[in-house]
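Dear colleague,

I am passing the structure on to you with this message, and my notes on what was found in it follow below.

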Amino acid sequence: MLRKILTQAPSRRLISSGFPPLFTKSTISPFSSVSSSPEPPSSESNTVEQPGTTISVDRSALYNPPDHSHESTPDSELVKHLKSVIKFRGGPISVAEYMEEVLTNPKAGFYMNRDVFGAQGDFITSPEVSQMFGEMIGVWTVCLWEQMGRPQRVNLVELGPGRGTLMADLLRGTSKFRNFTESLHIHLVECSPALQKLQHQNLKCTDESSSEKQAISSLAGTPVHWHATLEEVPSGVPTLIIAHEFYDALPVHQFQKTSRGWCEKMVDIGEDSKFRFVLSPQPTPAALYLMKRCIWATPEEREKLEHVEISPKSMDLTQEMAKRIGSDGGGALIIDYGMNAIISDSLQAIRKHKFVNILDDPGSADLSAYVDFPSIKHSAEEASENVSVHGPMTQSQFLGSLGINFRVDALLQNCNDEQAESLRAGYWQLVGDGEAPFWEGPDEQTPIGMGTRYLATAIVNKNQGIPAPFQ
């Protein structure tokens, strides 16, 4: 079955969508300052300690953002909104609330009104690198559908589908397996009107009715629905959930250990009317999630902790997914950059493929944080006794075990030299580690592998056994 899918899948394109700039999300690992005032990244090499691991961070080639300008400049609408919230509250807001407003404010949020993906955007994701990524996700969904007993009706849900590239490649790759595609009802969880339009176009949708939230994708004849949240997706039928680079954008709370105990890091307005970090003078509601996360940590991890980053929304979302999978059947695949350990301080900002200060010009840069994979596991197992959690494994192991090597060989049989070079570059970006050793082009276009920086984990109903390729 796997070999048949890999060799017969139609091709969207034989070349990746242009070589990326120096950065993809996978190459990012500068950790933000944990002091009460923001500091730009150092131009020197640093070593960041995490429980059980050491990450060497080379900042020598990174863009150093300038310090906050003290010149008077007009505030954007989002800055005015954030300042009004802080003044109305009579005190600072959490980093999580700041992050949520910056990314999803209906009028000025980073994701809400424009296309931020690809070489012309702010960062590049795996589906934009090569069609093979979406095809491998298609292999995973078909394999799990087989383990589920080939149900005649399945909800295929993607959280934060970006341009719709992953889903389009998945449908093309599985289009010859009619029993599978005919069972699908696609549900895209997307809050951005601009990205919903792109998804509609890339899935080649035709409107089925007057409803703007339902259409038919001509790629496989499957109905497509749009929702603002996972709660809106109908339950009661087996569900397959894909969350690729979704968890990293969920808001995080940051805590710092002080002489008076754990204090939450907050965003306030300084005397110069600029945003600044401060520490909470008293316990905050998010401290309940901090306590839960510390209980899940090992004694060795807790002993070393000075800073902790937690995502209550990630925990709540995982529990909702687990309850649905436990009752209705199915599974969830989560792929993101993160760690199989508790996270200290990873929040970062990227604008036009460059690192910038988190508090500078909010709404103009992407904010994201490392994903805490043990937190996903514990949250799922706590929510439902009917699910099992598998992984994490590296993206390289995940794609390799599903047969990406066979797929790239099949594509190389039908392409010219230029296309072959592009295919190899895309393949390296998906499964390699560091700079590609075979590259002979311009240094600024050297493919950077994300194969070990991204991790994959799966949550499945226990009745379905262990999903591929976690056996």
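Helices (H or I, at least four residues) and strands (E, at least two) are DSSP runs, numbered from the N terminus. Please bear in mind that this is a predicted model, in which local features need pLDDT of at least 70 and side-chain atom pairs count only at pLDDT 80 or more, while totals for chains, interfaces and linings use all residues. Residues are numbered from 1 along each chain as its sequence is written, and side-chain values use heavy atoms, with hydrogens and water left out.

The search of the whole structure turned up three cavities of 30 Å³ or more, a cavity being a set of points, on a 1 Å grid over the protein atoms alone, where a 1.4 Å probe fits but cannot get out. A volume is the space filled by probe spheres set on the points, which are joined across faces, edges and corners, and for the largest cavity that volume is about 150 Å³. Lining residues have an atom within 4 Å of a point; the largest cavity has 16 of them, with Ser-311, Ser-314, Tyr-370, Val-371 and Asp-372 nearest its centre. At least two lining residues come from each of β13 (307–310), α11, β18 (371–372) and α12 (373–383).

The largest pocket holds about 850 Å³ of space, where a pocket is an open set with protein on both sides within 12 Å along at least five of seven lines. Its lining comprises 38 residues, and Gly-160, Val-189, Cys-191, Phe-246 and Leu-250 are the closest to its centre. Among the elements that each supply at least two residues to the lining of this pocket are β4 (154–159) and α11 (312–328).

With best regards
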